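Please consult the sequence and the structure alongside it.

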Amino acid sequence: MSTAPPTPSRPSAARLLPRTPDWASRNFTLLTSAAFITSLGSHGALIAAAFAVLEHGGDAGDVGLVAAARTVPLILFLLIGGAVADRLPRHRVMVAANLLNCLSQAAFAVLVLAGSPLLWQMMLLAALGGTGQAFFSPAAEGMLLATVDRKHASKGFAVFRLTMNGATIGGAALGGAMVAVIGPGWVLAVDAAAFAVSAGLRALLDLSGMPRRAQGGSLLADLRDGWHEALARPWFWSIVAQFSVVVAVVGAAESVYGPLVARDHLGGPAPWGFALAAFGVGTVVGAVLMMRWQPRRLLLAGTLSVFTLALPSAALAVPLPALGLAGVMFVSGVAIELFGVAWITTMHQEIPEEKFSRMSAYDWLGSIGMVPLATALAGPAESAFGRSNALWGGAVLIVLVTAAVLFVPEVRTMTRRPPEAEDAGGEGEAVPEGVPVAAVDTVSGPGAGAVVAAATSVPAPAAEPGSDAADAEGTARRDG
């Protein structure tokens, strides 16, 4: 008797979907998803905010005032935000910051849609957004990698950066199209909704398996302690000092000189947009590379890659044709991701968890503190020395400060510790029995890593405003 051949079984829906890596926990997935959503919305909102100002009678100076209104509170409140994040459950700080950004963007959207926003009102709402980011960014540092075992820490951060870079590129492109089709007010409303969704995702984090940290003294004592911790680590303060110059030079070159060179020598804004897109593609390639490559000497590999950040200023000084400039920007994008992953991995390896947020705040502050001054001086420097000379000077500054960092012994010799060695030795100081402790909910962005955020979201900062970016604002490294 014949039998019918067995019917091939159909693959289940789960098999048709990409499989989540074994090391990616539920918390990792929640944090990465939240960061993607807010970064996508925020990079579109950056464009929408500028056009909202222009469409209601503002000029380029007014756009600059609104941007500055966001940056000033970010700088003023970063250290306080870091100390607060080390005293309170970090995920709650992140959720509260997301809700503040949601409300400020929603109010901005209502004003624009009503057709009567005043400049001071837009500046005030931008300042609230910057305040939210000042509290969010230090809390976010450390949270992501606490959801991944140490063996896969670099890979986890590389995946996170890959996701963020994709959101940066997609958010800018989608935001520009949406502003043209539905107007800036609705794009701002979408960004507000994105912050609300991200706050909800972060509120779902499971913190039952997180380590615990001892409560500190006063807020001022925590700030002093963070300062002493920073000074006690030459590798830390030297690289933060280096990036205060690097981020400033990159910011001035890309937000001020780049558009001018494109207008005068490359035929208009399209070639400059193509160059920035090439940088974004480079960051994606760099993140993919760091998923597979784990350099043993973390800081040495990262610092050597920073030399390439002098190339965009040099290319603009020549200036190179559009294709050559795009190639230089692509290489710079790859390099900044190499540094960003190496930097955040080093911080997580070397800095005690209970002091991480305030150290991250000093990192962020050092990285972005000189950006407003550099962009303000870009015009006078061009008048005094000429545009080409000013750009060459910036390129030389990056090379000199990066070479100087290599004289710090820890930068040359610090090595990646194997996970088993860290587990055996522990990190930080043990909490004595009987001492009250608070649950740690330790996403991460890059800090001296702020250049990552700033560079990927020129003309605004990298890291995603009020969220992860580190970003940055990224950059320049440091993007929820």
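Q: Why is Asp264 called partly exposed?

A: Asp264 has a relative accessible area of 37%. Buried means under 20% relative accessible area, exposed means over 50%, and partly exposed lies in between (1.4 Å probe, protein chains only). Asp264 is therefore partly exposed. This is a predicted model, in which local features need pLDDT of at least 70 and side-chain atom pairs count only at pLDDT 80 or more, while totals for chains, interfaces and linings use all residues. Residues are numbered from 1 along each chain as its sequence is written, and side-chain values use heavy atoms, with hydrogens and water left out.

Q: What makes the contact of Asp264 and Arg387 a salt bridge?

A: The term requires a side-chain nitrogen of Lys or Arg within 4 Å of a carboxyl oxygen of Asp or Glu. For Asp264 and Arg387 the N to O distance is 3.0 Å, and the pair is accordingly a salt bridge. Helices here are DSSP runs (H or I, at least four residues), numbered from the N terminus.

Q: Is Arg387 buried or exposed?

A: Arg387 has a relative accessible area of 17% and is therefore buried. Glu382, at 21% relative accessibility, counts as partly exposed.

Q: How many salt bridges does the structure hold?

A: The structure holds three salt bridges. One of them links the side chains of Glu229 and Arg233 at 2.4 Å, N to O. Both Glu229 and Arg233 are buried.

Q: Why are α4 and α7 called roughly antiparallel?

A: Helix α4 (residues 90–114) and helix α7 (residues 184–203) pack at an angle of about 165°, with their axes 8 Å apart. Axes are lines fitted to C-alpha atoms, for helices over the stretch in contact, and angles run from 0 to 180 degrees between N-to-C directions. Angles under 35 degrees count as roughly parallel, over 145 as roughly antiparallel, 65 to 115 as roughly perpendicular and the rest as oblique. α4 and α7 are therefore roughly antiparallel to each other.

Key
Helix = DSSP H or I, 4+ residues; strand = E, 2+ residues; numbered from the N terminus.
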